[in-house]
Amino acid sequence: MTTAVSILPEQQLAALNAAYRQAVSRRRLRLLLGAAIFAAALVLAAIGAEVNLRTLFTYFGNFLSYFDRILTLDSGQRVWTDIGEWFWGWRKWLKMLGETLLISYVGTLIGAALAFCLNFFAAENTSPAPWLRFVVRRLLEFARTVPGIVFALVFVIAFGLGPMAGVLAIAIHSTGALGKLFSEIVENADMKPVEGIRSTGASWLSCMRFAVVPQVTAGYASYALLRFEINVREASVMGFVGAGGIGQELVVAIRKFYYSDVSAILLTIIIAVFIIDIATGWLRGHLFGKEART
Amino acid sequence: MTKPQEVDAAQMRARYPDVFNRPASSRLATPAMIAAAFAILIYGLVDLDFSPSRFFAGLSQLGWITLMMIPPDPGSSLPIYLKALGETLSIALLGTTLAAVFALPVSLLAARNIVPSNILRFPVRRFLDSIRGVDTLIWALVWINVVGLGPFAGVLAIAVSDFGAFGKLFSEAIEGADQKQVEGIRASGGSALHEIRFGLLPQVLPVIAGQVLYFIESNTRSATIIGIVGAGGIGLQLAEQIRVLEWQKVSFLILMILVAVAAIDFISGKLRFAIIGRRAVA
């Protein structure tokens, strides 16, 4: 086969090749340096986290056999041979699951309401005063960065054990997360209606009510639904610190080695999360059309 | 200037009957939904033992706690806390790296353009989904049962729960890759592995690196909380100090976490810009 590629003269070729090699070698050097730094960081981290590969290899069998054990009933049979025995506590668990869903629902709604009240002050284009924007933004940042379960730990002491602490913890954390997302929607809103309303002599409140809110409600609802999905997961572990929900049952089952209960409760949670994911996905698609999903 | 047109209400009504006479179902839909949402909210508040007296009693308690938190003060345990913070960062870094290393081959199996057959892809995807459905804290509890209390359990917990997330994200990145380059490799006689190595990986690696960095960032947050169930790191100290009501230490620890998270955010943001360029991040 004959080639149709024109070959450059030797001299020109050498110069081009040298330039190419130099460019590539610089990139390679940088990549190598990055990889070395990363590897050093990993080794440092491994020492810091007391990683012990021998422990892992000795106990890795335990990890697999743990799943073997949680899938075995007390009678020694596989769990799926006797569904009634496996899910013996389904009434109680469903009730706790219902409580979990309620916690996340109420928490999300309270959080969304608070975020709705605050986000206009945090958005660049609608905030009445720069200092107010700064304060509200730092407040939202704080609520978002402190993990929900830390709030729950503190609230359990302040409000007593029970779902109330979980609801409030989820509400505060959602306020932080949603407040940021909501204010981003407001920043993307069209400002022409606001100018129109302001030119009629309306107050700041009416500007928000009649010019901004109609543009942003769909986005708000979509994000709130997404947050509800996340909060269901979050609420399922609130019980670990005594803040209500199905996590309480799960942590008892894990700590007391009620093996088959662990798998039954885990399965209940996973299925519930799946159903909620699919349902909210469908609802978002249905309510706001395809474009709101992205 | 033209005068505004006279509007004949009756004519408009006749021309656009849909706008003026909406059926009852569409007019009532929004209020009905709001009413239903409120009904569930009220039911939830009652069912979850909300009462104004409890709420305000708790609020005043919370006010006291906040007052006791000022000023933040580590007492004599600052070195311990710094070590715990280092442990937390180590957990996040190691856990995320482990997850990424294991997720990359599995994500190839879950990508439509690599494995066209549904029979193999479907179970892989459901497997990843169910791993993601279980919270990191639950994985931490399970691993504590296996390797004992300590930060190592935390590393494994983060690795497992991120494995699920990475598998999905990586496979989406792979599916979004341009097929032309893969075809080019195939046209020049490359094998299937060559196609992946030279056609696909150069396209997806920057995206994947960006996602891994982002997860290291968000895992710093997760790593702070898995200590609460005993899997090492600063969360362990935090939970202990909350239980013994040492509020000044608690507020100091929370401040430490906030500063560390902000610092990691800043660094990984810079790194991400350097790796994939400003445009791709925004």
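This is a predicted model: local features need pLDDT of at least 70, side-chain atom pairs count only at pLDDT 80 or more; totals for chains, interfaces and linings use all residues.
**A walk through a two-chain model**

With 11 C-beta neighbours inside 10 Å, A:Phe257 counts as exposed, because the cut-off for that label is 12 or fewer. You will find A:Phe257 in the loop that links helix 10 (247-255) to helix 11 (259-288) of chain A. Its phi is positive, about 60 degrees, although the residue is not a glycine. That is worth a second look, because most residues other than glycine have a negative phi.

Now turn to chain B, where B:Leu245 also has a positive phi of about 60 degrees without being a glycine. B:Leu245 sits in the loop between helix 11 (234-243) and helix 12 (247-281) of chain B. It is exposed, with 11 other C-beta atoms within 10 Å. Another backbone feature of chain B is the cis peptide bond that joins B:Ile70 and B:Pro71, with omega at about -5 degrees. B:Pro71 belongs to the loop between helix 4 (52-69) and helix 5 (78-110) of chain B.

Next, let us follow a pair of helices in chain B. Helix 7 (residues 136-147) and helix 8 (residues 151-175) of chain B pack at an angle of about 135 degrees, and their axes are 8 Å apart. The two helices of chain B are therefore oblique to each other. Helix 7 of chain B passes helix 8 of chain B in a right-handed crossing. The residues of this contact between helix 7 and helix 8 of chain B divide into 11 nonpolar, three polar and no charged. On the helix 7 side, they include B:Trp139, B:Ala140 and B:Trp143, and among those from helix 8 are B:Ala157 and B:Ser161.

Beyond its neighbours up to four places away in sequence, B:Ala157 touches B:Thr136, B:Trp139, B:Ala140, B:Trp143, B:Ile226 and B:Ala231. The largest nonpolar core has 140 residues, and B:Ala157 and B:Ala140 are among those with the most contacts inside it, as are A:Ala152, A:Leu153 and A:Ala169. Helix 4 (residues 90-122) of chain A gives this core its largest share, 16 residues.

Helix 8 of chain B also holds B:Ser171. This serine is buried, with 27 other C-beta atoms within 10 Å. Leaving aside neighbours within four places in sequence, B:Ser171 is in contact with B:Ser107, B:Ala110 and B:Ala111.

Finally, step back to see how the chains meet. Their contact takes 46 residues from chain B and 46 residues from chain A. The side of chain B that touches chain A divides into 29 nonpolar, 11 polar and six charged residues.

Note on methods:
Residues are numbered from 1 along each chain as its sequence is written. Chains are lettered from A and ligands numbered from 1 in the order in which they are written. Axes are lines fitted to C-alpha atoms, for helices over the stretch in contact, and angles run from 0 to 180 degrees between N-to-C directions. Helices (H or I, at least four residues) and strands (E, at least two) are DSSP runs, numbered from the N terminus. Angles under 35 degrees count as roughly parallel, over 145 as roughly antiparallel, 65 to 115 as roughly perpendicular and the rest as oblique. A crossing is left-handed if the near helix is turned anticlockwise from the far one by less than a right angle, and right-handed if clockwise. Two residues are in contact if their C-beta atoms, placed from the backbone, lie within 7 Å. Ala, Val, Leu, Ile, Met, Phe, Trp, Tyr, Cys and Pro count as nonpolar, Asp, Glu, Lys and Arg as charged, and the others, Gly among them, as polar. A nonpolar core is a set of buried Ala, Val, Leu, Ile, Met, Phe, Trp, Tyr and Cys residues joined through C-beta atoms within 7 Å. A residue is buried if 20 or more other C-beta atoms lie within 10 Å of its own, exposed if 12 or fewer, and partly exposed in between; C-beta atoms are placed from the backbone.
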